[in-house]
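Me: Please go through this structure with me, setting each term against its definition.

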Amino acid sequence: MTEIQYSETVAHNVRSRVVVVTGGAQGIGAATVTLLHGLGAHVVFGDISESAGEKLEKSLSNPPESNPSSGTAHFVKTNVCSYADQLALFEAAFHRHGRVDAAITCAGILDDPDLFDPSKLTLDAVREESSVITNALNTNLLSAVHFSRLALAYITASPALLGDFTPSLTFTSSITGIFWASSMACYSTSKHGLVGLSRTLSQNPSPIRSNAICPSATNTSIVSDALREMWTGQLGLSMQEPSDVAKYIVQCVADSTLNGKTVVVARGEARDVDEVLEGSVERWMGEENAREWRLLKGLAVSSLPDDG
Ligand SMILES: NC(=O)c1ccc[n+]([C@@H]2O[C@H](COP(=O)([O-])OP(=O)(O)OC[C@H]3O[C@@H](n4cnc5c(N)ncnc54)[C@H](O)[C@@H]3O)[C@@H](O)[C@H]2O)c1
């Protein structure tokens, strides 16, 4: 079954769990922080935008109607491009709550559509290394690689959990991590990288799960005016809301059966791409190659030679 359903009953598994989130001040990240908080989780979230982060922390600490089962939300100013900042984010969660149970990346930026436009790429233009490229890859991908290593260490250092909850990493990739992003080579490359990172970590011989979320167009400030106009104007398509994506991120955190999923979220519905990919491997790889691949996949990582 490729479809993934949001279950409020399962989502309640996050109650009292400690969850670290990046890019949590706005958009999909803020919707995720808000949902987790409402379900009773202790959320420690980072973002480069101090004003938006503090505003969200304040609004969750003094909600208009108080929910007795709400958790807590604590904001830490974090630039994900700084290793020290990401370390401080995990330290804050661990120090405050004595543990980390789940970690979610939401921070992301777009790159400049002109970067790979041949009509703009004069020999002069490429004389200097582009800091826009470095920044886009750092923010969207390299930061998540460091983040996941930190998360694995802090989750492992936490006292073992009892009950129906296993720890996890969840990466916010994109539909452009599966297909492409017109004129956004760095963005699409990074988002493909997050899918690869999630798939690889999901095969770790540890009880820590890993899943990637790949939203289609979602109504947040990252969407440029031009894309919004094309999507809603020219094509007449509707955009899903951040809360539509947040619930599947939370489902990945709460549902202990979800691991190694690459979840496309479009029109508020979620489907796992990897189940289809795995199920059709003979068709696109050939019978013999598929057999070898399944053999390799079946090998426990621990049984591979050191240089394997
Ligand atoms: N909105 C969409 O259509 C869409 C589609 C697919 C994937 N996504 C992904 O969803 C994630 C959330 O984006 P969004 O749509 O909510 O946009 P958004 O701009 O509302 O949120 C992104 C958040 O990341 C933060 N951020 C940016 N750079 C940062 C840095 N260096 N350190 C820490 N925080 C930083 C921003 O301040 C912001 O709060 C992103 O990874 C984005 O690529 C969005």
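**Terms and values**

Reply: Of the 30 residues around the ligand, those that come nearest are Gly-23, Gly-27, Gly-108, Thr-220 and Ile-222; a residue counts as near if its C-beta atom, placed from the backbone, lies within 6 Å of the molecule. This is a predicted model, in which local features need pLDDT of at least 70, side-chain atom pairs count only at pLDDT 80 or more, and totals for chains, interfaces and linings use all residues. Residues are numbered from 1 along each chain as its sequence is written.

Me: What makes the protein chain as compact as a globular protein of its length?

Reply: The chain has 11 helices and nine strands. Its radius of gyration is 20 Å, close to the 19 Å that the globule rule gives for 308 residues, so the chain is as compact as a globular protein of that length. The radius is taken over C-alpha atoms, and the rule is 2.2 Å times the number of residues to the power 0.38.

Me: Why are H5 and H6 called roughly parallel?

Reply: The axes of helix H5 (residues 131-156) and helix H6 (residues 185-202) cross at roughly 10° and come within 9 Å. Angles under 35 degrees count as roughly parallel, and H5 and H6 are therefore roughly parallel to each other. Among the residues making the contact are Leu-137 and Leu-141 of H5 and Leu-194 and Leu-197 of H6.

Me: How many of the 308 residues count as buried?

Reply: The share is 40%, where buried requires 20 or more other C-beta atoms within 10 Å of the residue's own, all placed from the backbone.

Terms used
Helix = DSSP H or I, 4+ residues; strand = E, 2+ residues; numbered from the N terminus. Buried ≥ 20, exposed ≤ 12 C-beta atoms within 10 Å, placed from the backbone. Axes fitted to C-alpha atoms, helices over the stretch in contact; angles between N-to-C directions. Parallel < 35°, antiparallel > 145°, perpendicular 65-115°, else oblique. Contact = placed C-beta atoms within 7 Å.
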